[in-house]
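This briefing sets out selected features of the structure shown below, grouped by topic. Please read it alongside the sequence and the coordinates.

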Amino acid sequence: MNNLFKKIERRSASIYSQKDKFWLIVWFGILSLTLIWNILFLNKPALDLVIEGFLNTLYISALVVILSFILGWIIGLFVARFETSRFQILYFVLTFILNIIRSIPQIIGILLGYMGITYLITANILHNHWLIMTTMALIISLFIFNEVIDLIRERVNHFRKLDFYNAMKVCGISENRIINFDILWKNSRIHILNKLIAIFGSAIFLQCTIDFIISVGLSTQVSSVSLPTTLGSLLAKIDSKQDILAIGNTLMNPSYFSHIFFEHLQGVTVAFLIVFTLLAVYKISNGFAERNRL
Amino acid sequence: MNNTGLSIHINDGLRTLAHIDNFSFTMNKITFLFGESGIGKSMISKAVYGLLDPNELQIKINDKDYQNYLDLPVTRQIKQNGFFVFQEPSSHLNTLLKIEDQLNEGAIDQHLDEKTILQTLWDTTDDDTIKKIIGIYPRPYRPSGGEKQRILLAMAFKKINLMLQPSGSSSFSLFVFDEPTGSLDNHFRNLFLQLLFDKFSRKQFTSLFITHDYSIISRIMNHHQNMIDAIDFKELARSDSGKVTLNFFSPEQYLSWLKRIQKIPGRTDGIESPKSEVLRIHKHFRIYNREYSIYSDAGCNHSTDLIIHRGEMVYLKAGSGVGKTTMAKILMGLQPAEQVEFEIAGIKISEQSGPGVWKKSIWGKKMGMVFQHADEALNLETTVKESLDGLKNKKLRGEFLKSKLEELFEDKIDDEFLSKKVKYLSGGQKQRLNLVRTLALDVDLIILDEPLNGLDFISIQKTLDWLQEKQRAGKAFLIISHNEEIFENLIDSNRTYFLNFQ
Amino acid sequence: MTFKKKILEHLLSAFLITSLLGTLLYFTIEKKNIEKIQSNEKIESYLGLSFIDFENPFDRALLLDVLNAYEPDQTSEHETLIRTIEQYRKSSLIAGMEEAYRKEPLSSKKWQQLSLMYAKFILIYMFVMLLTYYGVQTFGILRFVRRQQNQKSHLLCFLQQLFSAPKFSRIKDYLKYYLQAILHLIKAVIIASSYFVLFAPAYVIAYSLKTQLNTDTIFFMITLAVISNGLLITYTNKFYTFLVAESRKGYVQTAIVKNLNTSYKQTDKSGISYASVFSFRKHFPMHVFQHIFLNARYQYLQTIKEQASFLISGLIIIEMALNIQGHFSYELLKQLLYKNYDIVIVIILGIFYMVKLTEIFTDWLTHKKSLKYENIEPVCAK
């Protein structure tokens with residue numbers, strides 16, 4: 001028995017020291033506890049909405065990660081190749097366009113993109129639920145994928161400065177292999193993975209924010225258009241807003257604290273899921289970077 | 001410390017970085033420490049000096065936690081009174097502080113005869129030369145690597161001067177010089193040795209001198225006979241158990257080998273014909289607005305075209321920072337020149353030639369190059385096999401690949417070795433892999449930039465034998481190296497060229 | 001890329017976007033006018049007939065008969081026309097009421113209003129930028145100093161104290177011991193709560209405080225912009241990682257062997273004092289950390305462009321989500337809703353210029369610094 005305790009203690013200490021794994025477990029653990037609590041105390045229709053909103057949010061964010069990765073890798077490769085080739089004009093044009101996208105604040109770009117989605121929905125061009133979410137993810141990734149390109153360029157340029165790159169080139173090894181296999185796959189996949197974790201966090205933040213803004217600010221126009229339920233749009237619902245107001249109430253009236261976990265569960269859960277997920281993703285990303293000494 | 005020896009075990013949580021049971025050096029003596037790169041010379045020396053971070057590494061000294069060692073009075077004395085000159089001078093100077101400010105902070109913020117030290121290391125009496133160098137922020141190419149190295153040495157000498165002062169501490173002090181001559185040519189290296197021995201003669205101190213430069217042995221034997229009693233030569237070697245052992249190194253062993261080296265006469269076909277010519281560089285060229293010339297004599301009086309035939313080994317000499325590596329990179333099409341003209345196995349090239357020429361006809365086909373730092377030139381994250389995949393030589397598979405590696409590696413090559421990550425090879429193994437990768441190509445000429453870098457004495461002998469074998473088989477080599485003593489013994493003086501600029 | 005090339009690229013993209021949005025603006029205004037004319041054109045002539053009362057069904061029937069009498073082969077078209085007139089009158093009545101509220105021309109008064117909003121937006125932006133610049137460095141250093149001191153997390157200290165309590169002979173000692181443990185717990189709770197605040201999107205904080213505070217003040221906006229949306233924590237973390245990465249570099253080891261101070265205790269005379277950490281002009285003389293700090297700050301300078309962009313997004317979120325009247329980004333949202341695309345374009349252009357100006361400014365700043373460190377700036381040798 002004693003041995004078992006010691007084993008558990010050792011294992012716990014090992015996981016605690018690997019902060020990314022530790023926070024991944026904490027995230028899942030707390031999410032499960034929240035789910036159990038909600039099953040016990042939140043009414044069924046509201047619970048279904050919260051679960052749907054959370055899963056949709058995760059789905060869109062995961063898709064943003066995949067799309068940003070694909071777009072970033074492909075365009076990043078073009079930029080890296082054009083940079084040293086004789087097609088300098090192509091390099092200039094490509095970086096020029098990328099810099100223009102960078103100069104548009106993400107939130108405005110995505111907001112305009114969402115306006116486009118509502119137009120497509122009202123024009124009955126876009127009606128499939130999954131297709132709408134995929135388009136939403138594509139719009140968000142268009143304003144995030146620059147981060148992947150920056151990383152790819154930084155990694156390739158770092159190795160180009162070293163003898164590493166030239167030493168392979170003069171052996172006749174193809175540039176495609178050097179960049180894709182030797183630089184990006186063998187020496188940068190940890191960096192890229194870390195960037196994708198960070199992008200996952202950004203995607204959740206941006207998506208919730210846009211959905212919230214649209215649901216609050218453009219409600220009269222867009223509510224007629226059925227955008228999928230996400231945590232952001234749930235938070236903007238009048239009952240959720242009342243629930244969040246209750247959190248502020250407890251500052252002045254601490255005895256009210258216990259009520260928020262029973263009577264204001266929908267809004268508090270949604271707000272908690274957003275903030276806690278953002279915190280957990282940040283911690284996972286930091287822990288991952290620390291463990292891999294990035 | 002000198003009698004018992006230290007048992008040192010350093011681990012990064014994943015694997016052992018260095019493990020030695022008998023690390024020792026004699027008090028009030030200068031210990032020259034040889035050994036292949038990556039064996040742990042620097043790491044062990046840093047552990048002894050008290051520079052490693054116990055939070056980042058798992059370190060045991062004499063089976064006790066490193067913190068215990070750090071708390072010992074003797075370790076505190078070492079840190080208080082000593083100095084550590086690190087290798088890679090570029091990364092050991094702060095790029096955001098002027099050099100003169102870095103030369104005057106902490107314990108060395110006093111005058112401490114700085115001017116004399118700098119003038120000695122620069123071999124000048126001109127104040128302005130020194131002022132120009134120390135009045136700037138260190139950048140990658142300015143001051144040069146050799147100059148940065150001398151700045152770090154100047155800091156060490158200031159600390160030595162502090163100790164030499166009448167009020168200086170009489171307690172234990174340790175001065176560690178880690179590859180202090182790596183970026184110095186022989187002239188400046190000799191000035192530094194002279195200054196070190198002069199200081200030592202005034203008051204004895206303990207010093208660890210880590211180096212790969214075996215020609216220091218000849219220098220000491222020929223010019224500093226009076227110091228021999230104050231010097232130990234030691235070598236770190238890997239034992240079968242994976243541990244590292246410290247052995248005495250016999251200087252005679254090196255000196256007698258040097259005498260035994262045999263030169264291979266010029267061309268294998270014996271006929272000077274344009275057909276056998278693999279490289280011809282026109283004697284004058286221009287880079288960075290500097291007019292360069294190639295000479296056939298050390299005095300740089302007779303300019304000449306540099307010509308290499310099949311089966312020849314040619315040595316290109318120049319002072320530190322003159323531009324030997326730059327010239328090699330121009331030949332390989334990795335750097336542009338303002339005006340240049342050369343011919344590689346019948347292909348005429350000038351400054352006008354586009355990068356496509358090298359890609360299409362030269363890289364991996366006519367010419368190859370071995371870069372000086374194997375750690376940088378190889379992809380450390382790949383396996384040995386992967387590092388050779390993608391080469392132009394498609395035959396390099398299976399048993400043929402193993403046999404190629406066996407030519408330079410002492411052991412039988414098995415699948416386990418092929419699937420080993422390059423980063424887990426020793427420094428010497430990496431350098432040999434670096435050589436094999438280029439020599440496995442079916443090319444006419446290979447440029448070797450510091451081919452003996454990181455090799456221990458045994459590997460140096462083996463590598464040179466192997467290169468000579470390849471030379472006999474018809475390969476041509478252009479050698480760039482600081483290791484003048486060895487290559488002067490290996491290559492005919494009429495096959496040596498000198499590079500200089502106006 | 002050289003500084004000149006960078007500036008050229010910025011100016012070129014500003015020119016391109018201005019031309020693009022300018023053209024769009026022109027066509028939007030034109031379209032507005034044309035729509036107005038076109039919609040009226042067809043039926044305006046009939047509406048202008050003073051002897052017909054379109055309210056009266058008899059008059060409408062009479063008009064239809066008259067039209068049919070003149071053009072007997074187009075009876076169906078005439079019926080459509082009468083229906084259109086009816087619809088037009090009905091919709092123009094509603095639209096007229098709505099438009100009075102919604103439709104706004106890009107008049108000089110509107111320009112004036114927008115300029116004031118823009119100025120306010122820039123002012124808040126600059127203020128927040130300065131505060132975060134200070135906050136990021138201060139909190140980054142504090143975290144780094146804690147790391148160097150090997151301080152454990154308060155939660156871990158609490159748990160350790162709780163589960164490994166020694167045996168005391170006096171109750172007073174027990175009390176003292178557990179009080180210390182509780183203190184760790186309180187600190188842990190405070191830190192955890194502040195993490196929640198730092199990561200919360202601005203609207204979550206703002207809505208939860210709406211009944212307690214006046215969330216419409218500029219002061220509240222600035223505070224919210226600094227602490228929420230993950231701005232402060234993200235860049236504090238970035239600065240901290242720069243510090244950690246720099247502390248592992250070779251020049252730090254050279255500084256150590258020169259015997260510069262290495263203690264990170266606040267109480268040590270040679271350590272890192274709180275005064276120097278919280279100071280606006282941070283300086284750590286005779287300490288190894290001065291080397292680390294200089295290099296980390298230089299790297300941080302190069303991320304300011306990215307931070308500025310992050311902040312602008314944050315400000316837009318705050319203004320939009322809080323629905324504060326009279327703010328630039330809320331105006332954008334409102335005009336988007338009312339389909340006043342000409343005003344939308346002007347606002348977007350304004351925000352774009354601000355991002356561009358920040359990019360140019362940070363490029364200039366880094367260029368200036370790099371000139372110094374590249375020894376291109378005249379250096380006076382001693």
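What area is buried between chain C and chain A, and what share of it do carbon and sulfur atoms give? In this predicted model, the buried area is about 4100 Å², and carbon and sulfur atoms account for 74% of it.

**Interface of chains C and A**

- Chain C contributes 44 residues to the contact, and chain A contributes 45 residues.
- On the chain C side, the greatest losses of area to chain A fall on Phe199(C), Tyr203(C) and Tyr207(C), which together make up 15% of what that side buries.

**Helix pair in chain C**

- Helix 4 (residues 108-148) of chain C packs against helix 12 (residues 288-301) of chain C, at an angle of about 140 degrees and with the axes 12 Å apart.
- Helix 4 and helix 12 of chain C are therefore classed as oblique to each other, and their crossing is right-handed.
- From helix 4 of chain C, the contact draws on Thr132(C), Tyr133(C), Val136(C), Gln137(C), Ile141(C) and Phe144(C).
- Helix 12 of chain C supplies Phe289(C), Ile292(C), Phe293(C), Arg297(C), Tyr300(C) and Leu301(C).
- By residue class, this contact of helix 4 with helix 12 of chain C comprises nine nonpolar, two polar and one charged.

**Helix pair in chain A**

- Helix 3 (residues 44-84) and helix 4 (residues 88-103) of chain A cross at roughly 140 degrees, and their axes come within 8 Å.
- The two helices of chain A, helix 3 and helix 4, are therefore oblique to each other; the crossing is left-handed.
- In helix 3 of chain A, the residues that meet helix 4 are Ile75(A), Phe78(A), Val79(A), Phe82(A), Glu83(A) and Thr84(A).
- Their counterparts in helix 4 of chain A are Gln88(A), Leu90(A), Tyr91(A), Leu94(A), Thr95(A) and Leu98(A).
- The contact of helix 3 with helix 4 of chain A divides into eight nonpolar, three polar and one charged.

**Seven-stranded sheet of chain B**

- Seven strands of chain B form an open sheet in the order 12-13-21-15-20-19-18, with mixed pairing.
- Strand 12 (284-287) and strand 18 (367-370) of chain B lie at the edges with a single partner strand each, so one side of each has no neighbour in the sheet.
- From one strand to the next, the twist averages 20 degrees.
- Four bridges link strand 12 of chain B to strand 13 (residues 290-295) of chain B in the antiparallel sense, and Ile287(B) stands opposite Arg290(B) in strand 13.
- Helix 17 (residues 427-439) of chain B packs on this sheet and touches strand 18, strand 19 (445-449) and strand 20 (476-480) of chain B. The direction of helix 17 makes about 175 degrees with that of strand 18 of chain B.
- Helix 18 (residues 457-472) of chain B also packs on the sheet, touching strand 15 (313-317), strand 19 and strand 20 of chain B. The direction of helix 18 makes about 145 degrees with that of strand 20 of chain B.

How values were computed: Residues are numbered from 1 along each chain as its sequence is written. Chains are lettered from A and ligands numbered from 1 in the order in which they are written. This is a predicted model: local features need pLDDT of at least 70, side-chain atom pairs count only at pLDDT 80 or more; totals for chains, interfaces and linings use all residues. Side-chain values use heavy atoms; hydrogens and water are left out. Axes are lines fitted to C-alpha atoms, for helices over the stretch in contact, and angles run from 0 to 180 degrees between N-to-C directions. Angles under 35 degrees count as roughly parallel, over 145 as roughly antiparallel, 65 to 115 as roughly perpendicular and the rest as oblique. A crossing is left-handed if the near helix is turned anticlockwise from the far one by less than a right angle, and right-handed if clockwise. Contact means heavy atoms within 4.5 Å. Ala, Val, Leu, Ile, Met, Phe, Trp, Tyr, Cys and Pro count as nonpolar, Asp, Glu, Lys and Arg as charged, and the others, Gly among them, as polar. Two strands pair if DSSP finds at least two bridges between them. Buried area is the accessible area (1.4 Å probe) that two parts lose on being put together, summed over both.
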